[in-house]
Amino acid sequence: MSRARADEEEYWHSSKFRAFTFDDEDDELSQLKESKRAVNSLRDIVDDDDDDDLERVSWSGEPVGSISWSIKETASSSTSSLEGRDSSLQKGSSSYAAFPKQVSSYSLSSLFKGRNKLPSFQSLSDALSDTGVKNYTPELRRPKAEYKDYSSDWSPKDTVRRMQRGKVCSLERFRSLQDKLVLLDEAVAGHDGNVITAVLIFLKRTLRREILFRELEVRQVALCHLIHFLKESGEQKFLLDLLRFLDRTEEVALSQYREHLSIQDVEKRREFLKGCIGLPFSAEDTSHIQDHYTLLERQIIIEANDRHLETAGQSEIFRKYPRKASILNMPLVTTLFYSCFYHYTEAEGTFSSPTNLKKTFKIPDKQYVLTALAARAKLRAWDDVDALFTTKNWLGYTKKKAPIGFHRVVEILQRNNAPVQVLQEYVRLVEDVETRLNLATKYKCHDVVIETYRDLKDRIQLTAYKCKVERGSAEEDKINSILNNMQIRWKN
């Protein structure tokens, strides 16, 4: 008995770990051992499966479950029971019987997890996912607003409001005609063009054309949105059916006329335009369609003739200035410029003559003069420019006259690098004195500036302008001659 007590005292006073001293060597091997020991201790707590690898010992230090431990445990159990029975007989009911100590089948990790030890191997994730483990994490639920986003039980007004905020809404729940019309009215009342167009696309897909047209006839705002959408999307057939239902004959004709833009072949386009002449246009529009057809027909003739001349090399102007593009399908002003550039001297009876184009299409004088001036100035044909503005009165006197104003003539000539002599001639014809001086000063027409100051009898300005001309030049001599003229009565 004393020996057992001595062993017990030695067990409690003994330890597997050494006390810390400053003399210990802090080498890497000792650190590695301590780290491994700490990891193993953590694994004992967390992993339940590691209990199979550990050796459990009793209070006496013997392994639990071994043969010797089982014999001693049985003997001690029987001995304690006999001793308890004898003592109970001797001491009576005042003494307590000694109960045998039961060995728990629960490991430390199983107590942490709140369940019995499983005999099979399980990982930590399997153990945590087991149905016996109670999950204390609260369930994170979505906000109610997110659940409402997927609800299909929205009124037309709420649906329109959600569409205005950019929310995704399904319109398929609106099945009856009444619900669809209420939805359309709410969209129009919201004054949002995108929402109105989206609802109209839905109605266009789910309603028959006759019903849709009839309902849109009394809803002009929605009707305008649908017409604009059909034009932009190119749904020409649907648009024509809608316009015919609404009895808008002129719009039907204009819509059919726009189809010529998609025709690439020139001959087919000409035939199509010829067929458009009989459509129910207004009087003004009918005239424009007729002019368009006539212009294209004439362009075809001019293009065929000029291509032949250019290929054969029979015309000098085509050799000197080769064509950069075809004249086909060009506007009227571009066709007039082309004719003034390549066919300016042709007789009026030819299709390519500029005067013939002016007369046929009733081109205004201002437009004709501007176009012809730009074409002839580009060719530096100054005689043609002069003849363009020269007129004769009934007495035979010649006079220069420009329906566009000579200040614009000067600007066009300057853009085409006209010489100073040509510019000065037309700057002198500008009636407004201040405009004339500004143009003459800007384009260095010195003679015009000097003559204008002389006519104004402004000695101070003429003297100041003398500093702007070159010394010893003819302009400086002219200024000195005017300043020394005693017959001029200067204002200052």
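Mentor: Helices (H or I, at least four residues) and strands (E, at least two) are DSSP runs, numbered from the N terminus. The model is predicted: local features need pLDDT of at least 70, side-chain atom pairs count only at pLDDT 80 or more, and totals for chains, interfaces and linings use all residues. Residues are numbered from 1 along each chain as its sequence is written, and side-chain values use heavy atoms, leaving out hydrogens and water.

Trainee: Which residues of α9 are buried, and where do they lie on the helix?

Mentor: Helix α9 covers residues 193–206. Buried means under 20% relative accessible area, exposed over 50%, and partly exposed in between (1.4 Å probe, protein chains only). The buried residues are V195, I196, V199, L200, F202 and L203.

Trainee: Which exposed residues does the face turned away from the buried side of α9 carry?

Mentor: That face of α9 carries the exposed residues N194 and R205.

Trainee: At what angle do α20 and α22 pack, and what is that arrangement called?

Mentor: Axes are lines fitted to C-alpha atoms, for helices over the stretch in contact (heavy atoms within 4.5 Å), and angles run from 0 to 180 degrees between N-to-C directions. Helix α20 (residues 382–389) and helix α22 (residues 420–427) have axes 12 Å apart, at an angle of about 5°. Angles under 35 degrees count as roughly parallel, over 145 as roughly antiparallel, 65 to 115 as roughly perpendicular and the rest as oblique. Therefore α20 and α22 are roughly parallel.

Technical notes. Expected span 1.5 Å × (residues − 1).
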